[in-house]
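Keep the viewer open as you read.

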Amino acid sequence: MAAELHDDLWFHDATDDPAEQAAADSMVAAVADLIELRPFPDSAARLMGLLRDPNFSVRELSRIIEHDPLLAMRVLKLVNSAAYRLSAPCGSVEHAVTLLGSRSLTNLVTSIAVLEMFKDRAGAESQVRDHSLAAAGMARQLAQLARTPHDEIITCALLHDIGKLLLLQVNDPGYPELLAPSAEDPRPTHERERARFGYDHAVLAGHVLRRWQIPEPVPTVVAWHHQPERTRTAGTDPALARLVALVRLADLLSYTVGEQELSDDTRARVDAESPATELGLETDRIVTAWPELRQTAQDWIGAIGA
C-alpha cells in the first residue's frame, strides 16, 4: 500500500498552496522511505492482530510477549517498579496481563517494542528515548490527577516523539542540530523542522503510525501534540482533546525532570501554553504533585531506558 497524505493529520484541511503541497509530497515520500527502513516490529504486529480476535486467550497473549525475552523483561521490570504501585510482586507476563488487563498491557508492550527499534543508538537517539519514557510516566500520573482514563495515554506519550527518532535515521547531518534550541535560533524543534522540511516530527509520526496500523486515537494525538488548538474546534471529541492536552503537558514537563522543584520559567511555560486548562488542572496542583511526577518519570527511564 502506497503512502498517502491524511488531511486530518496535516496542518490544514487542504493543500492548495503550492509550497504546502510540495511539503506534503515530500513528507509522503519520507513516510514511504521510513516504512521500508523501519518495518513495524513483528511482536507488536502479532499482539495487535491477536487483540482483533474476540476469542483470544491470555495465554496466547503471554506467549507472544515471552517469545521476546528482552521485551518481557522490560515489561516486568516496569510493572514491578514504583510507577505501578503493586501490592505484591508480579512474577510472570501472564500475571501482568491479569493485573493490567490485556488491552492496557498490549498498548504498553507495543510502545516499548517500537522504542526498542532504536535501543542500540546513542547520543541524540538516547536523549529522545529517555524524554519519551519520562513523558509516558508523567502522562500516566497526570491522567490520574485529571481523572482521565490512562490506557491510551501511555501509548500516545511513549510514541509522541517517534518522529524525531525516525528523522534521525535518514542521515541528514544537519538534523541533530535542530533538536536543541540555540542562541542563534531559539525556536522550538518543531518550528525549525517546519522551516527546513515543510513538516514536523509530529505530523510525520502520525502518518507513520497510521501506516503501521496503530489504532486511533494514537496517530492523531501524536500528530497534533504541537497543535493543541486544533482540538478546540466544534465537533472535536472531548476525550481526544484531553489526550492531546495530557501529552502536551507531559511533553513540557518532561524536559525539566532534572529540577528538584519546578522553576518559575517552567511554570511560566505551562501557564503560557495552558494545556492544563483543558484538564482542569491548576498549575499549583501540578507544582504540589511535582515530586511524585518526577519520581515516576525516573522510574520509567530506569525500567526501560537502561
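**Pockets, core and cysteines**

The second largest pocket comes in at a volume of about 310 Å³. A pocket here is an open set of points on a 1 Å grid over the protein atoms alone, where a 1.4 Å probe fits and protein lies on both sides within 12 Å along at least five of seven lines; lining residues have an atom within 4 Å of a point. Points are joined across faces, edges and corners, and the volume is the space filled by probe spheres set on them. Before going on, bear in mind that this is a predicted model, where local features need pLDDT of at least 70, side-chain atom pairs count only at pLDDT 80 or more, and totals for chains, interfaces and linings use all residues. Residues are numbered from 1 along each chain as its sequence is written, and side-chain values use heavy atoms, with hydrogens and water left out.

Sixteen residues line that second largest pocket, and M48, L51, R103, N107 and P215 sit nearest its centre. Two or more lining residues come from each of α2 (42-51), α6 (102-116) and α8 (151-158), with helices taken as DSSP runs of H or I, at least four residues long, numbered from the N terminus. The top contributor is α6, with four residues. Sorted by class, the lining has six nonpolar, five polar and five charged residues; Ala, Val, Leu, Ile, Met, Phe, Trp, Tyr, Cys and Pro count as nonpolar, Asp, Glu, Lys and Arg as charged, and the others, Gly among them, as polar.

Now for the largest pocket, with a volume of about 580 Å³. Of its 22 lining residues, K164, L179, P181, T189 and Y255 are the closest to the centre.

Next, the inside. Beyond four places in sequence, W212 is in contact (heavy atoms within 4.5 Å) with I35, R38, P39, F40, M48, V114 and M117.

As for α8, six of its eight residues are buried, meaning under 20% relative accessible area with a 1.4 Å probe, protein chains only. One of them is C156, which counts as buried because its relative accessibility is 0%. C90 counts as buried too, at 5%. With a disulfide taken as a pair of cysteine sulfur atoms within 2.5 Å, the count is zero.

Technical notes. Buried means under 20% relative accessible area, exposed over 50%, partly exposed in between (1.4 Å probe, protein chains only).
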